[in-house]
Amino acid sequence: MKILPLFMLLAIAALAFSCKKTNSTTNSTTISVAVTKGPSGAESNGATVNLYETAAAATSGSPKYSQVTDASGKTTFTVAYQAKYFIIVKNGSAANYYNGYIPVGIFGSQTEIDYSPAQSPPSVIGGVRFRDTNGDGVINASDIVDAPSIVVTQNANTNFSVVIY
């Protein structure tokens, strides 16, 4: 008789330890994005904000999440947590990333053009000025970089500002 109760006790213990435990933490986070227009600093309402899981997805134009900013130039995403998302924002012809180049402003005068790295096609007043990422004084294929990224904290609100040109 002692064998049956001991066997049942072992079976119950084995069953209890084999049960799958659930994770009580959520696997999502909130990202708030505020978009402004570079030349004026005004809110960019109606801008499309795309979040990408990888740099390759950003290059291929395959966003994981996409939203449009409200009248105050803001939008909020609740996303699956991952440490980093790549972000591309566009509103009409203005953007924070152009085919691998990072915009840093708009040319306001010929003097600004004369003292900036050479670009191809040639710079024009009112045209977008790009970052010389390698510092060689020329904007060319050597200055192409991955899309800008956002570092995200799990179970927290991440606030991010984007300037478009």
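# Q119 and its surroundings

Q119 touches F107, V128, R129, F130 and I139, leaving aside residues up to four places away in sequence. Contact here means heavy atoms within 4.5 Å. This is a predicted model in which local features need pLDDT of at least 70 and side-chain atom pairs count only at pLDDT 80 or more, while totals for chains, interfaces and linings use all residues. Residues are numbered from 1 along each chain as its sequence is written, and side-chain values use heavy atoms, with hydrogens and water left out.

**Overall layout**

- The protein chain holds three helices and ten strands. Helices (H or I, at least four residues) and strands (E, at least two) are DSSP runs, numbered from the N terminus.
- Read from the N terminus, the order of elements is α-β-β-α-β-β-β-β-β-α-β-β-β.
- Of the 165 residues in the protein chain, 32% are buried. Buried means under 20% relative accessible area, exposed over 50%, and partly exposed in between (1.4 Å probe, protein chains only).
- Take the contacts in the protein chain between residues at least 6 apart in sequence: 63% of them join residues at least 24 apart.

- Q119 sits in the loop between α3 (110–114) and β8 (128–130).
- Its relative accessible area is 13%, so Q119 is buried.
- The Q119 side chain reaches the backbone nitrogen of F130 at 2.9 Å. This is a polar contact: a pair of N or O atoms within 3.5 Å, where within protein one must be able to donate a hydrogen and the other to accept it, and residues adjacent in sequence count only if both atoms are side-chain atoms.
- F130 is also buried, at 17% relative accessibility.
- R129 lies over the face of F107, 5.8 Å from the ring centre. The cut-offs are CZ of Arg or NZ of Lys within 6 Å of the ring centre and within 35 degrees of the ring normal.

**Aromatic pairs**

- The whole structure contains three aromatic pairs. Rings of Phe, Tyr and Trp (its six-membered ring) pair if their centres lie within 6.5 Å; planes under 30 degrees apart count as stacked, over 60 as edge-to-face and the rest as tilted.
- Y65 and Y85 have ring centres 6.0 Å apart and planes at 70°, so this pair is edge-to-face. Y65 belongs to strand β3 (residues 65–68) and Y85 to strand β5 (residues 84–91), so the pair ties together parts 20 residues apart in sequence.
- Y85 is buried, with 1% relative accessibility.
- Y101 and F130 make a tilted pair, with 5.7 Å centre to centre and 50° between the planes. Y101 is in the loop between β6 (94–95) and β7 (103–106), and F130 is in strand β8, so the pair ties together parts 29 residues apart in sequence.
- Ring pairs link Y98, Y101 and F130 into a cluster.

**The open sheet**

- Three strands form an open sheet in the order β4-β1-β10, with mixed pairing. β4 (74–80) and β10 (157–164) stand at the edges with a single partner strand each, so one side of each has no neighbour in the sheet.
- From one strand to the next, the twist averages 25°.
- Strand β1 (residues 28–37) runs antiparallel to β4, joined by seven bridges. Two strands pair if DSSP finds at least two bridges between them.
- V33 stands opposite T75 in β4.

**Pairings of β5**

- β5 pairs with strand β2 (residues 48–52) in the antiparallel sense over five bridges. Y52 stands opposite F86 in β5.
- β5 is also antiparallel to strand β9 (residues 149–151), with three bridges. The bridge partner of Y85 in β9 is I150.
- β5 and β6 are antiparallel too, with two bridges. N91 has A94 in β6 as its bridge partner.
- β5 and β6 form a hairpin with two residues between them. In the turn, G92 has a positive phi of about 65°.

**S93**

- S93 is in the loop between β5 and β6. S93 counts as exposed, at 67% relative accessibility.
- S93 touches Y98 and Y165, not counting residues up to four places away in sequence.
- S93 and Y165 are 72 residues apart along the chain, with 8.2 Å between their C-alpha atoms.

Technical notes: Axes fitted to C-alpha atoms, helices over the stretch in contact; angles between N-to-C directions.
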